[in-house]
Amino acid sequence: MLVTAKEMLEKAKAGKYAVGQFNINNLEWTKAILQTAQELNSPVILGVSEGAGKYMTGYKTVVGMVNGMLEELNITVPVALHLDHGSYEGCLKCVEAGFSSIMFDGSHYPIDENVEKTKELVKIAADNHMSLEAEVGAIGGEEDGVIGKGECADPDECKRIADLGVTMLAAGIGNIHGVYPENWEGLSFETLEAISEKTGDMPLVLHGGTGIPADQIKKAISLGVAKINVNTECQIAFAQATRKYIEAGKDQQGKGFDPRKLLLPGTEAIKDIVKEKMELFGSVGKA
């Protein structure tokens, strides 16, 4: 059954490793991530953006699919189903649908409004036994139409949000969604260290995990990051593997492509990415 992210992230921060959040977009992605987590005995967080939720026809469909897979695939590792970069209204819909975790992205609001809305959701999440992620300092790049400049968060603002009782905190430290440009300056560890000092035992979240060098990932974990999000790398791997299969012209036999075989190379590519990241994050064997 689905669990909240609270216990797995508290264990991760204490153990100096991070749990991977891998976004899902369809059945194949979900299956690949769950099977890899089970194989590696690693806890995992399935991220669902509002756009992906809409694409999969709605949050209740997503919950039904994931719950069905947990049973049919005999998944025993801890799995949280998490709304990624949710609006206030999106969070309420996921509470109703049966998600086990939500993220409210109030980073684009003035800090007082971010605090007010987050405070309301802290109570709602607690009443429904869910974990809650909040954000301070916009993450750079674009995800589902949400565009951020990549500002570094104010440590004092981070403390204000953390003190509300959220489960985890995403803070901008120079990270971005999508592919990092060649002139990217890297993560601001000075900012991360200041935030960690202000927020104490609060598990911190690093968005934009695709393309960050391994040494920076490990340093971020050492400074309190306990959850790392990966999406773009899976998107690229899935698309490239599927395209190669199509271009190779395999399995046509005069009848067109078998969709199950068509998506298999992309699915295997996602498994490879998830395995690589779980090993880098140190979550293998930590379920």
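A salt bridge here is a side-chain nitrogen of Lys or Arg within 4 Å of a carboxyl oxygen of Asp or Glu. By this rule the count comes to 10 salt bridges, and I will go through some of them.

First, the ground rules. This is a predicted model, where local features need pLDDT of at least 70, side-chain atom pairs count only at pLDDT 80 or more, and totals for chains, interfaces and linings use all residues. Residues are numbered from 1 along each chain as its sequence is written, and side-chain values use heavy atoms, with hydrogens and water left out.

Let me start in helix H6, residues 111-127. Helices (H or I, at least four residues) and strands (E, at least two) are DSSP runs, numbered from the N terminus. Lys123 and Asp127 form a salt bridge, 2.9 Å from N to O. The two are 4 residues apart in H6, which means about one helical turn separates them.

On accessibility, buried means under 20% relative accessible area, exposed over 50%, and partly exposed in between (1.4 Å probe, protein chains only). Lys123 has 56%, so it is exposed. Asp127 has 48%, so it is partly exposed.

Glu113 and Lys117 also pair in a salt bridge, at 2.8 Å, N to O. They too lie in helix H6, 4 residues apart. Glu113 is partly exposed, at 29%.

Now to the strands. Glu133 and Lys227 form a salt bridge at 2.9 Å, N to O. Glu133 sits in strand S5 (residues 131-136) and Lys227 in strand S10 (residues 225-230), so this pair ties together parts 94 residues apart in sequence. Glu133 is buried, at 0%, and Lys227 is buried at 0%.
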